[in-house]
Structure formats: structure tokens, C-alpha cells
Amino acid sequence: NDVSDTAVQGFELVSYSECRSKIKLTSNEDVIALFEMTPYCYKTSREDRAKLDKIDELVVSADFGVAIYSKSAILS
């Protein structure tokens, strides 16, 4: 998902960077664990969920935005 706005009321954005990487999952346990951390876990049918039980290896793209904030000084 694109980051459209990094503004947070009461905080000043100090830095923002993006981290992109490929991750190779090498066990079905890892594939299932990753799937269960996503919203797709709750939206996927039982039939489609069962397909994951047959996957022992998977390469996925990871794309994270890391924003560092500092609490704004209150001006009076």
C-alpha cells in the first residue's frame, strides 16, 4: 500500500525510509505463519486455505516503510 501521508498530530517526522527485500520461506510452517499474520487469513475460503497446506517453499516480497518521529515541542 502506498503511504499517502506521514503526518501525525503532535509529532514531527524525523526520517522516513523504505526497506524492500525478497524472503524465502522454506517450510510449510513458515508459509502458514506468514499467512496467518495477514488480513487474508480471515477472508480466504476453507478450500483456498487448504491449498496452503501443500506449499513447502515460497518466495515473497517484503516492502516496509519505517517512519521515525519526535514529539513536537509545545509552543506557548
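Let me begin with a definition: a residue is called buried when its relative accessible area is under 20%, exposed when that area is over 50%, and partly exposed in between, using a 1.4 Å probe and protein chains only. By that definition S45, with a relative accessible area of 31%, is partly exposed.

Good morning. The structure is a predicted model, in which local features need a pLDDT of at least 70, side-chain atom pairs count only at pLDDT 80 or more, and totals for chains, interfaces and linings use all residues. Residues are numbered from 1 along each chain as its sequence is written, and side-chain values use heavy atoms, with hydrogens and water left out.

I turn to the overall architecture. The protein has three helices and two strands; these are DSSP runs, with helices being H or I of at least four residues and strands being E of at least two, numbered from the N terminus. Along the sequence they follow the order β-α-α-α-β. The radius of gyration is 18 Å, well over the 11 Å that the globule rule gives for 76 residues, so the protein is more spread out than a compact globule. Here the radius is taken over C-alpha atoms, and the rule is 2.2 Å times the number of residues to the power 0.38. The C-alpha trace spans about 60 × 25 × 20 Å along its principal axes.

Next, the surface. Of the 76 residues, 9% count as buried. The protein exposes about 6700 Å², of which carbon and sulfur atoms supply 52%; such areas come from the Shrake-Rupley method with a 1.4 Å probe, and for residues only the protein chains shown count as cover.

What, then, makes up the largest nonpolar core? Five residues form it: L25, V31, I32, F35 and L52. A nonpolar core is a set of buried Ala, Val, Leu, Ile, Met, Phe, Trp, Tyr and Cys residues joined through side-chain atoms within 4.5 Å. Helix α1, residues 28-36, gives the largest share of this core, namely three residues.

Contacts come next, where contact means heavy atoms within 4.5 Å. Among contacts in the protein with a separation of 6 or more, 82% are between residues 24 or more positions apart.

Strand β2 covers residues 58-71 and contains I68. At 44% relative accessibility, I68 counts as partly exposed. Which residues does I68 contact, leaving aside its neighbours within four places in sequence? They are E12, L13, V14 and S15. Between I68 and I23, 45 residues apart along the chain, the C-alpha separation is 24 Å.

Let us return to S45, which lies in the loop between α2 and α3, the latter being residues 46-51. S45 and I68 are 23 residues apart along the chain, and their C-alpha atoms are separated by 38 Å. Helix α2, residues 40-43, holds Y42. Is Y42 buried or exposed? With a relative accessible area of 71%, Y42 is exposed.

Finally, S27 sits in the loop between β1, residues 11-25, and α1. S27 is partly exposed, at 23% relative accessibility. Thank you for your attention.
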